[in-house]
Amino acid sequence: MDTFFHPEQLRHAPQTYFSRGQMRNPQEVPQRAERLLQGAKALGLNIRTPADDGTRALLAVHDIAYLRFLESAYRRWHAQPEDWGEEVMSNIFVRENNALRGILAEAGRYLADGSCPVGEFTWSASYWSAQAAVAGAQAVLGGARQAYSLCRPPGHHARRDGAGGFCYLNNSAIAARVLRDRYARVVVLDTDMHHGQGIQEIFYDAPDVFYISIHGDTTNFYPAVTGFENERGAGAGMGYNLNLPMPHGSPESVFFDRLDTALRAIRIFEPDALVLALGFDIYQDDPQAKVAVSADGFSRLGQQVAGLGLPTLIVQEGGYHIDTLDSNLGKFFNGFLESRE
Ligand SMILES: [Zn+2]
């Protein structure tokens, strides 16, 4: 199975993570991708460097002004006469009524929270992470039954015009949009610990891309303001957004109960292709976990997703317990690939 990854993805190395009243140690670190890559190699997956497909697929999902900000922010921040620190990071968050005069106002507009500083290599790493998603989607369009996009930085929190939750470009949404070039109906199943509010926002009024998310209850948990059951879509997309939150402290059985509901919904939708937004932060020892999925749980997840029998692109999202990322990736793909043969 082809796995898409570009070494430039390792160069984004955030130094700042401000969350719930505290400066914390960065969790979305390059070692994550190294460990996942190690896991992919141990599985014998075919590691490929994505081609440079340009910005067209990115612009199908994101605003051009936002992409221009990401591309230029670091340079413009460091062109200031005073020392503003290494990373672009706003202390002002103003998404509305913002005249966007200057890089500080733009940072306040386009950075949605305190977990997404822009460093020297943030744009290039995010760009190539998105290219890994595009290449994976194109492989599936080209007839591959499955492919893995080893995306890092992750993507599902990235808004149409905003970075957040360690995410800059919405890799899963970009991939789903590419798959729509040939497939009439695409489902995005998001099993990361967190609600992917970026994917939800991007496809909220779309009946052709069904977004289903299983995540920890977002009451006092990131992203805190979305992810509730009553968010079901809008307009023609009403009903094509399904949020399946889990109470904090849930055992693994609750995750599989929600997965069962998700799989039933997918079968009713009869999609032509599936994007699995795969996070390992549901793992019991992950610093972000609010549920306790075991290593064997990832095999079971892989089996059940494989059982849908759909052309499938797996897009990497979160997972912050670095020491088990390779083994949990192995568990997932052992379950998935066994069930495909
Ligand atoms: Zn997550």
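N97 is exposed, with 82% of its area accessible in relative terms. The model is a predicted one, and N97 sits in the loop that runs between α3 and α4. Its phi is near 50 degrees, which is a positive value in a residue other than glycine. Most residues other than glycine have a negative phi, and most peptide bonds are trans.

A second residue with a positive phi is F166, where the angle is near 70 degrees and the residue is again not glycine. F166 belongs to the loop between β5 and α6. Is F166 buried or exposed? The relative accessible area of F166 is 9%, and since buried means under 20%, F166 is buried.

The loop between β5 (146–149) and α6 (171–179) also holds P153. The peptide bond leading from R152 into P153 is cis, with omega near 5 degrees. Another cis bond joins Y222 to P223, with omega near 0 degrees. P223 lies in a loop as well, the one between β7 (209–216) and β8 (241–246).

Apart from neighbours within four places in sequence, Q197 is in contact with H156, H157, R159, Y222, P223 and T226. The side chains of Q197 and Y222 are joined by a polar contact of 3.4 Å. Q197 is part of helix α7, which covers residues 197–202. With a relative accessibility of 8%, Q197 counts as buried.

Helix α4 (residues 103–110) is mostly covered, as six of its eight residues are buried. Those buried residues are I103, E106, A107, G108, R109 and Y110. What covers them includes α3, residues 64–78.

For α3 and α4, the axes come within 10 Å and cross at roughly 135 degrees. The crossing of α3 past α4 is left-handed. On the α3 side the contact is made by A65, Y66, F69, A73, R76 and W77, and on the α4 side by I103, L104, E106, A107 and Y110. Sorted by class, the contact of α3 with α4 has nine nonpolar residues, two charged residues and no polar ones.

A further helix pair is formed by α9 (residues 295–306) and α10 (residues 322–338), which pack at about 30 degrees with their axes 7 Å apart. That angle makes α9 roughly parallel to α10, and α9 passes α10 in a right-handed crossing. Which residues of α9 and α10 meet? From α9 they are A295, D296, F298, S299, L301, G302, Q303, V305 and A306, and from α10 they are N328, K331, F332, G335, F336 and E338. The residues of the contact of α9 with α10 divide into seven nonpolar, five polar and three charged.

V305, one of the α9 residues in that contact, also touches L189. L189 lies in strand β6, residues 186–190. Leaving out residues up to four places away in sequence, the contacts of L189 are I212, I214, L259, A262, I266, L274, V275, L276, A277 and V305. I214 is 25 residues from L189 along the chain, yet their C-alpha atoms are separated by 8.0 Å. L189 is buried, with a relative accessible area of 0%.

T16 counts as buried at 18% relative accessibility, a value to be read against the cut-off of under 20%. Its side chain makes a polar contact of 2.4 Å with the side chain of E87. Not counting residues up to four places away in sequence, T16 touches M23, P26, E87, M89, G114 and P117.

Conventions
Residues numbered from 1 in each chain as written. Predicted model: local features only at pLDDT ≥ 70, side-chain atom pairs only at ≥ 80, totals over all residues. Heavy atoms only, no water. Axes fitted to C-alpha atoms, helices over the stretch in contact; angles between N-to-C directions. Helix = DSSP H or I, 4+ residues; strand = E, 2+ residues; numbered from the N terminus. Parallel < 35°, antiparallel > 145°, perpendicular 65-115°, else oblique. Left-handed = near helix turned anticlockwise from the far one by under 90°. Contact = heavy atoms within 4.5 Å. Nonpolar A, V, L, I, M, F, W, Y, C, P; charged D, E, K, R; others polar. Buried < 20%, exposed > 50% of the residue type's maximum accessible area, 1.4 Å probe, protein only. Polar contact = N/O pair within 3.5 Å; in protein donor to acceptor, adjacent residues only side chain to side chain.
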